[in-house]
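I opened the model to look up a few things and wrote down what I found. The ligand site came first, then the sheets, then the backbone.

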Amino acid sequence: MPIVVLISGSGTNLQAIIDAIEAGTLAARIALVISNRADAAGLERAKRHGIPTQVIDHREFRDRESFDLALQSAIESHHPRLVVLAGFMRILTDGFVRHFSGRLLNIHPSLLPKFKGLNTHARAIEAGEREHGCSVHFVTPELDAGAVIGQARVAIATDDTAETLAAKVQQLEHRLYPACVGLFCNGTLELKGDVALLNGKPLPPTGLDLTGA
Ligand code: GRF
């Protein structure tokens with residue numbers, strides 16, 4: 001199952017996916033890693049594992065549409081069954097998202113539908129939440145609003161800061177993302193309309209609880 005992974009930064013989720021593939025727990029092949037930033041540390045991670053990389057710098061394009069078209073054609077040249085956003089810090093155009101509908105996943109550091117957007121850890125603490133976590137979802141044109149596939153949860157301790165909570169959530173992300181990519185790659189997961197189906201049955205709005213994955 002060829003997949004393409006899009007990154008902008010450190011690529012720790014990419015690393016978790018690579019590790020799961022190499023451990024034999026995820027039946028996928030990363031055909032290409034694309035970054036919009038040449039200095040993304042995740043590019044080195046890919047190279048260390050012999051995975052092809054490509055930089056497509058958004059600053060070299062006159063608008064979002066032309067950047068996304070270049071991105072789309074780079075991705076499609078590898079015929080992936082799945083495109084995985086792993087810390088890709090660009091808002092994608094509706095056209096791009098529609099093109100890859102049903103085969104585009106993202107990981108978001110909150111228990112969606114809570115805390116869409118940025119600064120999720122600080123906002124969860126500020127709101128007095130007792131638990132926090134991360135979600136993997138199908139990407140739809142509305143930001144962080146697509147059908148949730150799975151979530152992993154952690155209790156917020158009274159002395160947690162945005163930084164300590166971020167570190168806890170990242171640990172969860174590294175198990176959650178390979179698990180969700182695996183569900184897609186083994187053919188049990190699909191998007192029908194705006195609902196995620198597992199073995200043909202709709203998932204609940206918050207997806208599967210994969211905290212222990
Ligand atoms: C993660 O926290 C993820 O939830 C968010 O971007 C971050 C990516 O981190 N979408 P990394 O590049 O995988 O280390």
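Predicted model: local features only at pLDDT ≥ 70, side-chain atom pairs only at ≥ 80, totals over all residues.

**Ligand site**

The shell consists of Ser-10, Gly-11, Thr-12, Asn-13, Gly-87, Ile-107, Pro-109, Gln-170 and Glu-173. I sorted these shell residues by type and got two nonpolar, six polar and one charged.

I then asked which helices each supply at least two residues of the shell around the ligand. They are α1, residues 12-23, and α6, residues 162-185.

For Thr-12, I found a polar side-chain atom 2.5 Å from an oxygen atom of the ligand. For Asn-13, the polar atom belongs to the backbone, and its distance to a ligand oxygen is 2.8 Å. Glu-173 places a polar side-chain atom 2.8 Å from an oxygen atom of the ligand.

Which pocket does the ligand take up? I found that its space is the largest pocket.

**Eight-stranded sheet**

I traced an open sheet of eight strands with mixed pairing. Its order reads β3-β2-β1-β4-β5-β6-β7-β11. The edges are β3 (53-55) and β11 (208-209), each of which pairs on one side only.

Opposite Gly-150 I found Leu-208 of β11.

**Three-stranded sheet**

I noted another open sheet, this one of three strands, in the order β8-β9-β10 and with antiparallel pairing. Why is one side of β8 and of β10 left without a neighbour in the sheet? Both stand at the edges: β8 (189-192) and β10 (201-202) each have a single partner strand, so one side of each has no neighbour in the sheet.

Strand β9, residues 195-198, pairs with β10 in the antiparallel sense over two bridges. Leu-198 has Lys-201 of β10 as its bridge partner.

**Backbone notes**

I looked up the peptide bond from Leu-112 to Pro-113 and found it cis, with omega near 10°. I placed Pro-113 in the loop between β5 (104-108) and α5 (120-126).

I also checked phi of His-79. The value is near 50°, which is positive in a residue other than glycine. His-79 belongs to the loop that lies between α3 (64-76) and β4 (82-85).

Terms used. Residues numbered from 1 in each chain as written. Heavy atoms only, no water. Near = heavy atom within 4 Å. Polar contact = N/O pair within 3.5 Å; in protein donor to acceptor, adjacent residues only side chain to side chain. 1 Å grid on protein atoms, 1.4 Å probe; cavity = no way out; pocket = protein on both sides within 12 Å on 5 of 7 lines; lining within 4 Å. Sits in = over half its atoms within 2 Å of the grid points. Helix = DSSP H or I, 4+ residues; strand = E, 2+ residues; numbered from the N terminus. Nonpolar A, V, L, I, M, F, W, Y, C, P; charged D, E, K, R; others polar. Pairing = 2+ DSSP bridges.
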